[in-house]
Amino acid sequence: MQQYNAIKTKHPDALLLFRVGDFYETFGEDAIKASKILGIILTHRNNGGDKTELAGFPHHSLNTYLPKLVKAGQRVAICDQLEDPKQTKSIVKRGVTELVTPGVALNDDILSAKSNNFLCAVHFGRNKYGVSFLDISTGEFLTAEGSAEQVDKLLQNFSPNEVLVSKNHKASFLELFGSHFHSFFLEDWIFQEDYANESLTSHFKTNTLQGFGIDHLSNGIIASGAVLHYLSETQHSRLQHINKLQRIAEEEYVWMDRFTIRNLELYHSTNLNAVTLLDVIDKTISPMGGRLLKRWLALPLKNIEKIQQRHQVVAYLKTEEEKLEKAQHWIKQMGDLERLISKLATGKINPKEVVQLKNSLEAVVPIKQLALESPNKSLKSIGEQLNECEALRTKIKEVLNEEAPVNLLKGETIAAGYSTELDELRGLAFSGKDYLDKMLERETEITGITSLKIASNNVFGYYIEVRNTHKDKVPEDWIRKQTLVNAERYITEELKEYEAKILGAEERIYTLEQQLFEQLLMWMQEYIGTVQDNAYLIAQLDCLCGFAQLAKENNYAMPQMDDSTVLDIKDGRHPVIEKQLPLGESYITNDVLLNRDDQQIIMITGPNMSGKSAILRQTALIVLMAQMGSFVPATAAKIGAVDKIFTRVGASDNISMGESTFMVEMNETASILNNLSERSLVLLDEIGRGTSTYDGISIAWAISEYLHEHPSRAKTLFATHYHELNEMTGTFARIKNYNVSIKELKNNVLFLRKLVPGGSEHSFGIHVAKMAGMPQQVIQKANKILKKLEKSHSNSEVANTLESAQNEMQLSFFNLDDPLLEEIKEEILHLDIDTLTPVEALMKLNEIKRLLSKKKKASS
Ligand SMILES: Nc1ncnc2c1ncn2[C@@H]1O[C@H](COP(=O)(O)OP(=O)(O)OP(=O)(O)O)[C@@H](O)[C@H]1O
């Protein structure tokens, strides 16, 4: 226990798996945690009078249990026996051989194929923040610096599995970036520029960091230094695959803040079962392709030429079906080239995986051929850059058995014909059967015993077995070793010699196989960079093939990109919703035209559930997909490259919402207004909803006016159910009214979902309330008021209408014991009719309807 305590003191923040014999044991608090997470039994033992908790599992189950612990956010220190217990009389030497943490994992069972596993560090600089991401399983190492907002966005994009921050900034980090990350707080001195510079230059074996183009990013460098420090602290020293540090060139990518990423449900959704855009557009076949696609989604391009290059490859692959099929067939054979090569670098690759690596590289040959043959320039360039790695493949084929096992101990790793010594030893070991058969034949003849048997067991090794009936014929020089019920077992000099030879050969075979395998791995190290480059090229190709596949399956069109500021979408669809419609229902397409000249802001009105949000989101998604390099769900799209996409959704109808939520909504919106550019696309969905109707309309009005008057003239879609905003077109030339059409049936609404020019006459909350099963009497009363109000032309009429409505509603609400209805009643009772203009009265009515719609939502 003394040894345990000494080691535990060194790793107070980790769950210590302490190897005892054939078990990994945990003690105390660790045991309580482990038993909870792993569902293993918690026992107690007496430790010098103190009771200690204890929980453990067999050492061979490490691969089953370790991932569970790490996925639960634990940092796990694996403490192994450093010497053979049989060879020592005192306590076995033990030490921590690996510290596995959520952000530093190489184990396939912890990693997920299509996601990176990023370790991140955030440095709080004087006036900027530095951030760095490293995936030890792929070798990617990235850095950037900027405002808190930028770092926040990157954290959202890269969703790191662990974030390192200095202890000093723990509170600020949690406040600024939230507590949902697995975070670990390091000593403050680690976040220093000199120290970081030194660690990085010594790791990359360079004098400066100039070559990486990051030497001016001192905050980014400090964060990257902290990441490297953590790797050494967690006992990861073989890092040859981490051979460059790249700057995340944010100016090259479309800016989307975290609200936008969240609202558009790109790769996460608040609803666990919801389908995200990534789910729909990911047609990649290889793990590295899947990971790259996520990156492309997080960082859509701004450069038109680069975007068009991707589109052209997609167009080519979409028409050349046979080529697409072939390329995908070969990519499928690839496996995870990127992670295989990282395993080589970190010394964790097994013989079977080396053969897999070779096979992956074999698939590069036909892919290269295919790419080179194409008339498409970008594809050709991928072909030119792909390296067939012929020498590497030949070498692996020469050294390793095609059927090499996972575990070197199993033997048969090295191919026959590679080492003469190995071949001879194997000959000796395997020709044994022949030799024994001959010996048996000879001894049977000499002794005249017909039932002789030669066999071996773990205790005595080789023996000759004689049945009791022939006992008297046994020669004198045979040595008796074991007596059974019906037989005796003997050994002979010859058998002993033979056994020594065989055992020696087997041991030597194992050592030799191990040596030769190690030599191969050493020899392969110089290919790490080349294979990484191949993996990246294949990942790109996989993404582009995926886009072609996607476009084919869903009838997407190639967007036409230019440097104008026009956005002109014909028959646009929402890529996710269209996939989820009930059978037989088809998605209603819509045109959207936005420009800076005469249609800068589109005010979309329409009842709840009519499809306003869908139009907003599909517009953003179409732009985003186009700039990723994908085709888009539309019949045609002319897209002047967008540089920022902002979306804001008004706080959802929530009865308990207080002032603060509203303030958050306003702050979020303010940050858009401060960052507008000529190429921005702004989507505002029911902004202002989070307050009283009157305030809501004023705020929505003010925001629209600001957007209109701002010199950037940013393209904007504004969905609202405040039809009062339709009045803005009278004053503001570039604001246009559209509505999502509906057809009014008797007492119901049919959603046509078509975006048509013109405003809406009135809101439709009551219809929705009806559909949601509101009590009939409430609906009838509300309808009455609405009708009268709409007809009214003077204050007195409104006053009369409301007065009688109040009376009526008051009566009918009396018996309904429901806080929400109570609120609606209150709203009506407290109308100060005398001071209201007809418009204000209408607004108040809207508020009542809004509450009704809340009721609908609450009851559904
Ligand atoms: N063009 C369309 N074709 C077919 N179905 C659609 C279309 N647009 C929307 N829908 C369906 O209608 C539902 C509601 O659409 P959406 O959320 O866009 O309405 P909304 O007007 O924004 O409503 P609210 O004001 O309540 O937020 C969607 O979930 C989808 O199922």
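Met288 lies in helix α10 (residues 287-298). The model is predicted. Its protein chain has 29 helices and 27 strands, and 41% of the 860 residues count as buried. Of the contacts in the protein chain with a separation of 6 or more, 69% are between residues 24 or more positions apart.

**Met288 and its surroundings**

- Met288 counts as buried because 29 C-beta neighbours lie inside 10 Å, and the cut-off for a buried residue is 20 or more.
- Apart from neighbours within four places in sequence, Met288 is in contact with Asp336, Leu337, Glu338, Ala535, Ile538 and Ala539.
- Ser115 is 173 residues from Met288 in sequence, yet the two C-alpha atoms are 8.6 Å apart in space.

**Helix α20 and Leu544**

- Helix α20 covers residues 528-554, and Leu544 is placed in this helix.
- The 27 residues of α20 should span 39 Å at 1.5 Å a residue, which agrees with the 38 Å between its end C-alpha atoms.
- Just after α20, Asn555 takes a positive phi of about 60°.
- Leu544 has 28 C-beta neighbours inside 10 Å and therefore counts as buried.
- Leaving out neighbours within four places in sequence, the contacts of Leu544 are Arg310, Val313, Val314 and Leu317.

**The six-stranded sheet**

- An open sheet is formed by six strands in the order β3-β4-β2-β1-β5-β6, with mixed pairing.
- At the edges are β3 (43-47) and β6 (94-100), each of which pairs on one side only.
- From one strand to the next, the twist averages 35°.
- Strands β1 (residues 15-20) and β5 (residues 76-81) pair in the parallel sense over four bridges.
- Within this pairing, Leu17 has Ile78 in β5 as its bridge partner.
- Helix α3 (residues 62-71) packs on the sheet and touches β1, β2 (23-27), β4 (50-58), β5 and β6. The direction of α3 makes about 150° with that of β5.

- Strand β8 (residues 129-135) is mostly covered, with seven of its seven residues buried.
- On one side of β8 the buried residues are Tyr129, Val131, Phe133 and Asp135, and on the other they are Gly130, Ser132 and Leu134, so that both faces are covered.
- Strand β7 (residues 119-124) runs antiparallel to β8 and is joined to β8 by six bridges.
- Phe124 has Tyr129 in β8 as its bridge partner, and a hairpin of four residues joins β7 to β8.
- Strand β9 (residues 140-146) also runs antiparallel to β8, with seven bridges joining the two.
- Asp135 stands opposite Glu140 in β9.
- Four residues lie between the strands in the hairpin of β8 and β9, where Gly139 takes a positive phi near 90°.

**Ligand shell**

- The ligand is surrounded by 13 residues, and the closest are Asn608, Gly611, Lys612, Ser613 and Ala614.
- Helix α22 (residues 612-628) gives the largest share of this shell, three residues.
- Sorted by class, the shell holds six nonpolar, five polar and two charged residues.

Technical notes: Residues are numbered from 1 along each chain as its sequence is written. This is a predicted model: local features need pLDDT of at least 70, side-chain atom pairs count only at pLDDT 80 or more; totals for chains, interfaces and linings use all residues. A residue is buried if 20 or more other C-beta atoms lie within 10 Å of its own, exposed if 12 or fewer, and partly exposed in between; C-beta atoms are placed from the backbone. Two residues are in contact if their C-beta atoms, placed from the backbone, lie within 7 Å. Two strands pair if DSSP finds at least two bridges between them. Axes are lines fitted to C-alpha atoms, for helices over the stretch in contact, and angles run from 0 to 180 degrees between N-to-C directions. The expected span of a helix is 1.5 Å times one less than its number of residues. A residue is near a molecule or strand if its C-beta atom, placed from the backbone, lies within 6 Å of it. Ala, Val, Leu, Ile, Met, Phe, Trp, Tyr, Cys and Pro count as nonpolar, Asp, Glu, Lys and Arg as charged, and the others, Gly among them, as polar.
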